[in-house]
Structure formats: C-alpha cells, structure tokens
Amino acid sequence: MGCLLLSLAMISVVSCPEQHHGCVKDEEMRSMALVWWMENAAIYTGHSFEDEVLFNHSSGDDCVIDHTNDHSHSHHHHEDGDSHVHEPRPIVENRAIEREGPPTPKRELFQTLYNLLVKKGVVSLEEVRLMCEKMDTAAQKLDGASLVLKAWTDPKFEARLLSNAASAAAEIGINTSNPNAPTVLTVLKNTAAIHNLVVCTLCSCYPSGLLGIAPSWYKSREYRSRAVREPRSVLKEFGVLLPCGTSIRVHDSTADHRYIVLPARPEGTEHWAEEELRSLITRDTMIGVALCSK
C-alpha cells in the first residue's frame with residue numbers, strides 16, 4: 001500500500017500543478033521532505049535488490065554474518081552449543097511486536113501521502129476501503145492453498161507452477177499479482193534436503209493477494225533481521241525443528257518480487273480427499289514457519 005501511495009503522490013504532483021495551493025501545497029511539501037528523508041535513510045538499509053536475494057544456510061547451526069561482504073554470500077556456520085528454551089509462540093510474537101518501539105517517520109509519510117491523495121481526488125476513501133476488504137477476504141479464500149493443493153495432486157501442474165507461477169495459477173483462475181501493485185511471484189518447493197523461508201528485510205513485502213494481510217510478527221524488526229541471521233533458531237521458536245542435514249534458504253521479498261512456499265505433502269495422505277488435504281495447508285506453511293502435518 002505504501003509503495004502504491006508514494007507512486008500515485010509523485011504522479012499527482014507532476015501532473016496537477018494547477019492544484020498546488022493552500023493546504024494541499026503544504027501537504028505536498030511535507031511529503032517531499034519525508035520522501036527525501038526516506039531516500040537518504042535507504043542508503044543504509046542494504047535492500048537495493050533488483051533480483052532474487054537468497055541466503056543459503058547449510059546444515060548445522062545458524063550463522064555468523066561477516067558484514068564486510070556483499071549481502072548475497074553464503075554464510076559460515078559454527079557450533080555454538082545453543083541451549084534454546086522454547087517459549088510459547090504467542091509470547092515470542094508479542095515480544096517481537098513490543099520491540100518495535102515508537103512509530104517511525106515512515107508511518108508519518110504514509111499518513112501524509114494518504115491525506116494528500118484523498119484531497120486531490122487521486123483515490124477515494126471508498127476505493128481504499130474496497131482494496132482493504134479485498135486483502136482481508138484473501139485470507140479467508142487463501143488462494144495460495146489452492147495452488148499448493150493443485151500442485152500436490154497434479155505433478156505436471158506443480159512443474160508449471162515452479163517454472164512460471166503466474167501462468168500456472170491463471171489456469172485455475174488465480175491472479176498471483178498483489179491487489180495494490182503488479183508483482184512477480186516465485187513458488188519455492190520444500191524437500192527433505194531444502195527448507196525455504198520467506199522474509200522482507202526492509203518492510204513487509206508479502207503476497208497479500210494469496211495469503212491475506214501480513215501478520216504482525218512478519219513485519220516486526222526482530223523477524224526481519226533474525227530470519228536472515230539465524231533462521232534455524234527462528235524456526236525453533238515457531239516449533240519447527242529441522243534435521244541438521246536440511247539446508248535453509250531464506251528468500252528476501254521486494255516491492256516487485258514476492259514468494260510463497262510449496263510445503264512438502266505429508267506421507268500417508270495419498271488417498272485423502274481434497275478437502276482433507278486443504279485443511280493441512282495454512283498461511284504459515286506457505287511462509288515457511290510451519291510444516292504441514294496430519
């Protein structure tokens with residue numbers, strides 16, 4: 001939503017010079033100042049990725065990051081004698097949200113751009129409400145689960161989905177692009193050797209059209225940073241204990257490129273009905289923080 005509002009605001013400023021007066025003009029100047037702040041702050045985020053960014057954590061414990069290297073390198077692993085205590089998931093999630101701290105200027109920028117776009121008539125309150133409603137209902141429909149179910153029961157469809165997600169999804173009437181901006185989707189298959197985990201290290205880029213609105217913990221700074229540095233420990237906190245021989249691949253979503261995980265189908269479900277299989281597929285299994293189990 002924020003990326004869309006920023007784009008619309010910049011277009012409206014350029015295309016509607018005759019409206020630059022009064023409080024609208026003040027709002028525009030304020031938004032420009034905030035955009036300047038964000039552009040300069042972004043220099044230090046390390047999130048200027050054009051292509052897929054993959055962090056490959058091989059077998060063993062989590063990694064120590066060498067910050068002098070480029071962010072696309074494979075990380076060195078070590079034995080750290082981790083004596084991890086498993087806390088209940090709600091506690092872990094609430095602590096991550098609490099550590100967010102006070103609102104940042106980005107939130108102020110969002111509100112300023114939102115007010116500006118409504119005043120200029122670029123978007124209406126009803127259009128925003130309908131967009132939010134569409135994302136809310138996406139969580140109820142969970143179109144991502146339909147893709148997984150089809151892939152589980154049709155090997156040829158699975159191959160097409162992994163090769164070209166948008167084209168394969170269109171075959172069963174699903175649009176993989178986000179409702180508020182055009183995005184590319186890549187589907188990542190979990191196997192016994194590879195476990196995929198999705199994150200957005202900058203903000204909250206997420207396939208909302210397929211999974212609904214992103215959960216609060218996904219947007220938290222703790223998850224965004226630790227998922228890259230120590231994915232094995234993060235997965236433990238979600239109750240996912242992977243064998244040491246399983247490689248963890250962390251995929252960094254961007255404004256243009258989103259991911260969902262194709263979880264492994266549990267053994268012993270070969271003769272299950274589609275309704276039974278679908279009940280195993282959840283939002284979290286398609287982010288990679290949970291496993292499908294009977």
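**Exercise 1.** Find which residues of helix H7 (residues 155-163) are buried, and work out how they are arranged around the axis.

*Solution.* Start with the list: the buried residues of H7 are Phe157, Glu158 and Leu161. Here "buried" means under 20% relative accessible area, "exposed" over 50% and "partly exposed" in between, with a 1.4 Å probe and protein chains only. Helices (H or I, at least four residues) and strands (E, at least two) are DSSP runs, numbered from the N terminus.

Next, look down the axis. These residues cover an arc of only 105 degrees, so they sit on the same side of H7; the arc is that of the directions from the helix axis to the C-beta atoms. As a rule, an α-helix has 3.6 residues a turn, so residues three or four places apart point the same way.

Finally, ask what does the covering: it includes H6, helix H8 (165-171), strand E4 (184-189) and strand E7 (257-262), with contact meaning heavy atoms within 4.5 Å.

Before you go on, two notes on the model. It is a predicted one, where local features need pLDDT of at least 70 and side-chain atom pairs count only at pLDDT 80 or more, while totals for chains, interfaces and linings use all residues. Residues are numbered from 1 along each chain as its sequence is written, and side-chain values use heavy atoms, with hydrogens and water left out.

**Exercise 2.** How many residues of helix H6 (residues 143-153) are buried?

*Solution.* Eight of the eleven are buried, so to speak the helix is mostly covered. Among them are Leu147, Val148, Leu149 and Trp152.

Then step back to the loop between helix H5 (125-141) and H6, where you'll find leucine 142. Leucine 142 is buried too, with a relative accessible area of 12%. Its phi is near 50 degrees, a positive value in a residue other than glycine. Most residues other than glycine have a negative phi.

**Exercise 3.** Work out how the rings of tryptophan 217 and tyrosine 223 are paired.

*Solution.* First, the rule: rings of Phe, Tyr and Trp (its six-membered ring) pair if their centres lie within 6.5 Å; planes under 30 degrees apart count as stacked, over 60 as edge-to-face and the rest as tilted. That gives six aromatic pairs. For tryptophan 217 and tyrosine 223, the centres are 5.1 Å apart and the planes at 80 degrees, so this pair is edge-to-face. Both residues, tryptophan 217 and tyrosine 223, are buried.
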